[in-house]
Amino acid sequence: MALVRGGWLWRQSSILRRWKRNWFALWLDGTLGYYQDETAQDEEDRVLIHFNVRDIKIGQECHDVQPPEGRSRDGLLTVNLREGGRLHLCAETRDDAIAWKTALMEANSTPMIRLSFIHPHNRYLLSSYYVPDTVPRASDQRQTKDMRALPSWTQPNEEPDVKH
């Protein structure tokens with residue numbers, strides 16, 4: 001999956017309210033994962049951002065949370081999720097907080113392309129233009145029950161013959 005934004009943020013735990021520094025990765029599929037380090041190998045958790053954010057407050061707007069020791073209140077972010085959950089994060093600077101807020105709000109509202117519903121010829125064109133590492137070959141996709149109910153042109157089949 002393609003990375004939209006990555007970086008170090010402080011995250012407040014929901015139960016003990018302790019701050020922990022994690023590597024955060026906002027992925028093209030609209031999820032935000034956090035990890036022990038920038039290799040993004042050991043995922044601690046993942047939060048759905050796409051169409052799931054009610055609002056994001058930054059800096060002085062974050063009234064109900066204190067920043068980690070030695071950090072400025074200007075770097076605070078509070079992400080309020082639709083299902084009632086909340087993420088308290090802290091960036092190094094106010095500019096970083098604004099950049100994260102912008103990226104998260106964009107991920108929240110940007111429509112995602114469902115590759116399984118794209119005509120195979122167009123899917124082939126996307127594979128060299130859009131996110132090349134994340135576009136599966138049509139022949140590798142499994143046909144689901146829901147896909148069998150769709151018109152035949154939306155269902156995966158073999159890649160088009162392209163001659164160069």
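Which side chain meets that of R46 in a salt bridge at 3.9 Å, N to O? The partner is D29, and the legends below place this pair among other close contacts. The structure is a predicted model, in which local features need pLDDT of at least 70 and side-chain atom pairs count only at pLDDT 80 or more, while totals for chains, interfaces and linings use all residues. Residues are numbered from 1 along each chain as its sequence is written, and side-chain values use heavy atoms, with hydrogens and water left out.

View 1. Strands (E, at least two residues) are DSSP runs, numbered from the N terminus. The side chain of R46 also meets that of E43 in a salt bridge, at 2.9 Å, N to O. R46 is partly exposed at 35% relative accessibility, as is D29 at 24% and E43 at 38%, where buried means under 20% relative accessible area, exposed over 50% and partly exposed in between (1.4 Å probe, protein chains only).

**View 2. K20 and E44.** The side chains of K20 and E44 form a salt bridge of 2.7 Å, N to O, which connects strand 2, where K20 lies, with E44 in strand 4 (residues 43-48), 24 residues apart. K20 has a relative accessible area of 37% and is partly exposed, and E44, with 29%, is partly exposed too.

**View 3. The aromatic pair of W8 and W23.** Rings of Phe, Tyr and Trp (its six-membered ring) pair if their centres lie within 6.5 Å, and planes under 30 degrees apart count as stacked, over 60 as edge-to-face and the rest as tilted. The whole structure contains 2 aromatic pairs, including W8 and W23, an edge-to-face pair with 5.7 Å centre to centre and 80° between the planes. W8 lies in strand 1 (residues 3-12) and W23 in strand 2 (residues 19-27), so the pair ties together parts that are 15 residues apart in sequence. W8 is partly exposed, at 27% relative accessible area, whereas W23 is buried, at 17%.

Notes:
Helices (H or I, at least four residues) and strands (E, at least two) are DSSP runs, numbered from the N terminus. A salt bridge is a side-chain nitrogen of Lys or Arg within 4 Å of a carboxyl oxygen of Asp or Glu.
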